[in-house]
Amino acid sequence: MYNKTFRKTSFRVKRPIRGFRDLEVYQRTSKCAVEIMTKIIPALEGAESPVKQKLIESCLRIPELIASAHSRRFEKGDESKIMDNCLEECNRVMVYLEQIRDIFAQKADSAVCEDLVKRYIYARRKIRNLQKAWEKFEKRSIDPGVEKNK
């Protein structure tokens, strides 16, 4: 009755990337930034802390850096520096979220903070993979006539 050779997999065809808004890492980090701004920051109202302002700056900077790296991905070495800054900002956001979770335990929801940290860990890995892919593309485009078996 049914075709027994059909296997279900998690593979799905992705849309072609035409701009930075099509990048999965941009979409994910933007959603995380929105969640931080709507769930974490309002819970800290009235509590003036330097960590709060640093978290706001870092979480909003990550999608900005991804967009900037996308526009400079074909320039020599420029995108790699920007992506390194992006990875650094991801680490900072994770540190700030953990500090807010520990310092403001009564105000901030620890489950939301933990979920965001996990999502930033995943986004960081994806950003690093994107950086490696752009580096490979750059190497291929520089030496198109060089044979592989030399």
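Among contacts in the protein between residues at least 6 apart in sequence, 72% join residues at least 24 apart. The model described here is predicted. The protein contains four helices and zero strands, and its elements follow the order α-α-α-α from the N terminus. Of its 150 residues, 36% count as buried.

| Helix | Residues |
|---|---|
| α1 | 24–40 |
| α2 | 50–71 |
| α3 | 78–103 |
| α4 | 110–142 |

The pairing of α1 with α2 is considered next. Their axes come within 9 Å and cross at roughly 160 degrees. Because angles over 145 degrees count as roughly antiparallel, this crossing makes α1 roughly antiparallel to α2. The crossing of α1 past α2 is left-handed. On the α1 side, the residues that meet α2 include Val25, Tyr26, Ile36 and Ile40; on the α2 side, Leu55, Ile56 and Pro63 are among those that meet α1. By class, this contact has 13 nonpolar, two polar and no charged residues.

The largest nonpolar core has 38 residues, of which Ile36, Ile40, Leu55, Tyr120 and Ile127 touch the most other members. Each of α1, α2, α3 and α4 supplies at least two residues of this core, and the largest share, 10 residues, comes from α3. In soluble globular proteins, nonpolar side chains tend to be buried together.

Which residues does tyrosine 120 contact, leaving aside its neighbours within four places in sequence? Tyrosine 120 is in contact with Thr29, Cys32, Ala33, Ile36, Cys59, Ile62, Cys90, Val93, Met94 and Leu97.

Note on methods
Residues are numbered from 1 along each chain as its sequence is written. This is a predicted model: local features need pLDDT of at least 70, side-chain atom pairs count only at pLDDT 80 or more; totals for chains, interfaces and linings use all residues. Side-chain values use heavy atoms; hydrogens and water are left out. Axes are lines fitted to C-alpha atoms, for helices over the stretch in contact, and angles run from 0 to 180 degrees between N-to-C directions. Angles under 35 degrees count as roughly parallel, over 145 as roughly antiparallel, 65 to 115 as roughly perpendicular and the rest as oblique. A crossing is left-handed if the near helix is turned anticlockwise from the far one by less than a right angle, and right-handed if clockwise. Contact means heavy atoms within 4.5 Å. Ala, Val, Leu, Ile, Met, Phe, Trp, Tyr, Cys and Pro count as nonpolar, Asp, Glu, Lys and Arg as charged, and the others, Gly among them, as polar. A nonpolar core is a set of buried Ala, Val, Leu, Ile, Met, Phe, Trp, Tyr and Cys residues joined through side-chain atoms within 4.5 Å. Buried means under 20% relative accessible area, exposed over 50%, partly exposed in between (1.4 Å probe, protein chains only).
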